[in-house]
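Let's take a walk through a protein model together. Have the picture open beside you and follow along as we go.

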Amino acid sequence: MSSQTIHILNGPNLNLLGTRQPEVYGRDTLHDVETLCRRVAAEYDLAILFHQSNHEGEIVEMIHEARTEGLGIVINPAAYTHTSIAIRDALASCEIPIYEVHISNVHRREAFRHHSYVSGVATGVIAGLGIEGYAAAIRVLSHAEKRPNFELNP
Ligand code: DQA
């Protein structure tokens, strides 16, 4: 795997994007998200590994695959954001930057969405930008590559 690779990980129900609660998540599909990510990454000569799973353990294993190699992780843990200590612990073991992305603004939604187990181990958090949040995270990671101390001196 190239150090120029960004891992994009998507949690449960995101396979239904486009048809699931479009008033909350919009009409773009997960395939549209992947196309957007690939287009933005290509602007910076970066490669993308794009995954989605409805299973917590599978997401933990994807994080293990990503933990030491690549430029960074962009993760939308979906509902596991609010429940999964296992995903938090896996992310805490990572040696590369992590951006947590939510399509919706979780802070203006139900109270149970206000707490994230992931944010405390993430480099940054993006919420409410729609699928553009994924593009924003990729752009930030492209800067991180040019500024290796970005993590230490934000
Ligand atoms: C989400 C927000 C979560 O609260 C929810 O469970 C999701 C999607 C988002 O992208 O806005 O499935 O992560």
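Let's start with Gly70, which sits in the loop between helix 3 (56–66) and strand 3 (72–76). Keep in mind that we're looking at a predicted model. Is Gly70 buried or exposed? Its relative accessibility is 15%, and buried means under 20%, so Gly70 counts as buried. Now look for Gln4: it is 66 residues away from Gly70 along the chain, yet the C-alpha atoms of the two are separated by 5.8 Å.

From that loop, move on to the sheet. Strands of a sheet pair through backbone hydrogen bonds, and they can do so in a parallel or antiparallel way. Here, five strands make an open sheet with parallel pairing, and their order is 2-1-3-4-5. At the edges you'll find strand 2 (47–52) and strand 5 (124–127), each of which pairs on one side only. From one strand to the next, the twist averages 15 degrees.

Let's zoom in on one pair. Strand 3 and strand 4 (residues 98–102) run parallel and are joined by three bridges.

Next up is the ligand. Which residues are around it? Among them are Arg20, Tyr25, Asn76, His82, Ser104 and Arg113. By class, this shell has five nonpolar, four polar and two charged residues. A polar side-chain atom of Asn76 lies 2.8 Å from a ligand oxygen atom, and for His82 the distance from a polar side-chain atom to an oxygen atom of the ligand is 2.7 Å. Taken alone, the ligand would expose 320 Å², and the protein buries 99% of that.

Notes:
Residues are numbered from 1 along each chain as its sequence is written. This is a predicted model: local features need pLDDT of at least 70, side-chain atom pairs count only at pLDDT 80 or more; totals for chains, interfaces and linings use all residues. Side-chain values use heavy atoms; hydrogens and water are left out. A residue is near a molecule or strand if one of its heavy atoms lies within 4 Å of it. A polar contact is a pair of N or O atoms within 3.5 Å; within protein, one must be able to donate a hydrogen and the other to accept it, and residues adjacent in sequence count only if both atoms are side-chain atoms. Accessible areas come from the Shrake-Rupley method with a 1.4 Å probe; for residues, only the protein chains shown count as cover. Ala, Val, Leu, Ile, Met, Phe, Trp, Tyr, Cys and Pro count as nonpolar, Asp, Glu, Lys and Arg as charged, and the others, Gly among them, as polar. Helices (H or I, at least four residues) and strands (E, at least two) are DSSP runs, numbered from the N terminus. Buried means under 20% relative accessible area, exposed over 50%, partly exposed in between (1.4 Å probe, protein chains only). Two strands pair if DSSP finds at least two bridges between them. Axes are lines fitted to C-alpha atoms, for helices over the stretch in contact, and angles run from 0 to 180 degrees between N-to-C directions.
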